[in-house]
Amino acid sequence: MRVAPSIVRNLQSKLLVSNATHHSIAAAAAAAARVGGYNIAITNAANTLNTTNTRHYTSLPFNTNTSTSSPSSLLPTNTKTSNNVIHNAIHNNNNNSTGKHRRKYTTHSQLPSEHQMVYEMSRKFSEEELMPHAGEWDKKHEFPTKAVNDLAELGMMGINVSTDHNGSELDALSYAIAMEEISRGCASVGVIMSAHNSLYLYPIDTFGSDELKEQYVTPYTGHESNEDGKLNIGCFGLSEPGNGSDAGAASVTATEDGDEWIVNGTKAWITNAHEAGAAIVFATTDKSLKHKGISAFVVPMDAPGFSLGAKEDKLGIRASSTSNLIMDNVRIPKSHLIGEPGQGFKIAMQTLDGGRIGVAGQALGIASASIDCAVKYALERHAFGKPIAEMQTIQNKISQMVVARDGARLLTWRAAQLKDNGERFTREAAMAKLAASEAATMCAHQAIQVLGGMGYVSDMPAERHYRDARITEIYEGTSEIQHLVIAGDVLKEYKQSY
């Protein structure tokens, strides 16, 4: 099993500290690393971090020259660990607590140490590995291969998957936190991560057979590459050219033929299409049952008869690929059915509930990036003899942006914590996605206003944030659909109370 090399490197060399207490954490981590105690090192650091109000986190020195060792050589040969050190730290740390409690966190300072570690590592990775390149990837429509590979080694491309299948086994709140910070650096990387985790891995991991999990989850958590050396990632085929928000009107069909299914039809607007090795495809297996006649399948994208449409030339998130999936008599084994026949619509809706937490996180990242851009510019730009940040009009805009972003974050964290607590979260996920996507669009718009002419040119990232934000109000359920979900749930609640 491989341990995320960047995390091991952190333990060996770069725990950022600023006082004696935290220097002792770094020393303990380094000492433990030398004897192979990586899990103990992180756990001790996590326990100590719980005792202080000052937050310090590990860095991600992906580009440092402190070590020329290969990732595997950083591990002692006699060390037996799971594939993910963060997982061990978190779960070992949680074992020190007694009893099951319902968690309710509203600020970063309240987060347990394990979530703080996820937050800071994601933030550092975003600032060091994504922000410097995001503009170039956008201009060139270039898939960020190295960044995605680095994310996988960090454990983020299987963040919610159990360690039994090489995942990180972190919770929904960790996912929401990581999505915001990654998307703050590059919204395209955010959607690549979100589509893979929320939409591809989740339905197989939750509803799939053990055989499907071994074949299409374990190799896709980021710790294995396919034959041509490319990282295994997946995609999610629900939308079609003619059905959009009407997920129950699937025209793609799957017909039984002996021990196989024959799949025909086209899926549209598929993120990761040109890099994915497998797709979740929803197809009608019994037209007479309407939405109850839809089933879900895993379709390998190298199957005969499977082809891709041209890459869409998009307004935003241009470093990610989007295109049609075209299936012409594609044969797949009967075992590639996810769940039971007719369960597809339920699987799709449950998948989208969790996916909306991911998109909300992405939107929060875009909002935060817009705020960063606007505030820094306002502090540096002078007009009428003073920084424009001292002008009331600019301050009002900054206030509106931060209030919208922070309010949406609270809704997102609430939805994530409800999911982690095993409670129903459909309405809350829709509210989070709605509020965060609208906050992203508003913040990006206001950032351009603060920058004026500089906000309209590609020399500054504000215009990219504006283009990236717009899609968050469309995919995984438009804002109009979120309103229907929210209102429908409220009406149902009131009817039941009469």
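Visitor: Among contacts in the protein between residues at least 6 apart in sequence, what percentage join residues at least 24 apart?
Guide: The model is a predicted one. Its chain forms 14 helices and ten strands. Of the contacts between residues at least 6 apart in sequence, the share that joins residues at least 24 apart is 75%.

Visitor: What percentage of the residues in the protein are buried?
Guide: The protein has 498 residues. A residue is buried when its relative accessible area is under 20%. By that cut-off, the buried share is 56%.

Visitor: Which element gives the largest share of the largest nonpolar core?
Guide: The largest nonpolar core has 56 residues, and Leu-130, Leu-151, Met-156, Met-157 and Met-193 have the most contacts inside it. Elements that give it two or more residues include α5 (113-140), α7 (172-185) and α12 (426-451). The largest share is eight residues, and it comes from α7.

Visitor: Which residues does Leu-151 touch, not counting those up to four places away in sequence?
Guide: Leu-151 is among the residues with the most contacts inside the largest nonpolar core. Leaving out residues up to four places away in sequence, Leu-151 touches Phe-125, Met-156, Met-157, Ile-182, Val-189 and Met-193.

Visitor: Are α10 and α12 roughly parallel or roughly antiparallel?
Guide: The axes of α10 and α12 come within 8 Å and cross at roughly 20°. Angles under 35 degrees count as roughly parallel. Therefore α10 and α12 are roughly parallel.

Visitor: How many nonpolar residues are in the contact of α10 with α12?
Guide: The crossing of these two helices, α10 and α12, is left-handed. Their contact includes three polar and three charged residues, while the nonpolar residues number 22.

Technical notes. Residues are numbered from 1 along each chain as its sequence is written. This is a predicted model: local features need pLDDT of at least 70, side-chain atom pairs count only at pLDDT 80 or more; totals for chains, interfaces and linings use all residues. Side-chain values use heavy atoms; hydrogens and water are left out. A nonpolar core is a set of buried Ala, Val, Leu, Ile, Met, Phe, Trp, Tyr and Cys residues joined through side-chain atoms within 4.5 Å. Buried means under 20% relative accessible area, exposed over 50%, partly exposed in between (1.4 Å probe, protein chains only). Helices (H or I, at least four residues) and strands (E, at least two) are DSSP runs, numbered from the N terminus. Contact means heavy atoms within 4.5 Å. Axes are lines fitted to C-alpha atoms, for helices over the stretch in contact, and angles run from 0 to 180 degrees between N-to-C directions. Angles under 35 degrees count as roughly parallel, over 145 as roughly antiparallel, 65 to 115 as roughly perpendicular and the rest as oblique. A crossing is left-handed if the near helix is turned anticlockwise from the far one by less than a right angle, and right-handed if clockwise. Ala, Val, Leu, Ile, Met, Phe, Trp, Tyr, Cys and Pro count as nonpolar, Asp, Glu, Lys and Arg as charged, and the others, Gly among them, as polar.
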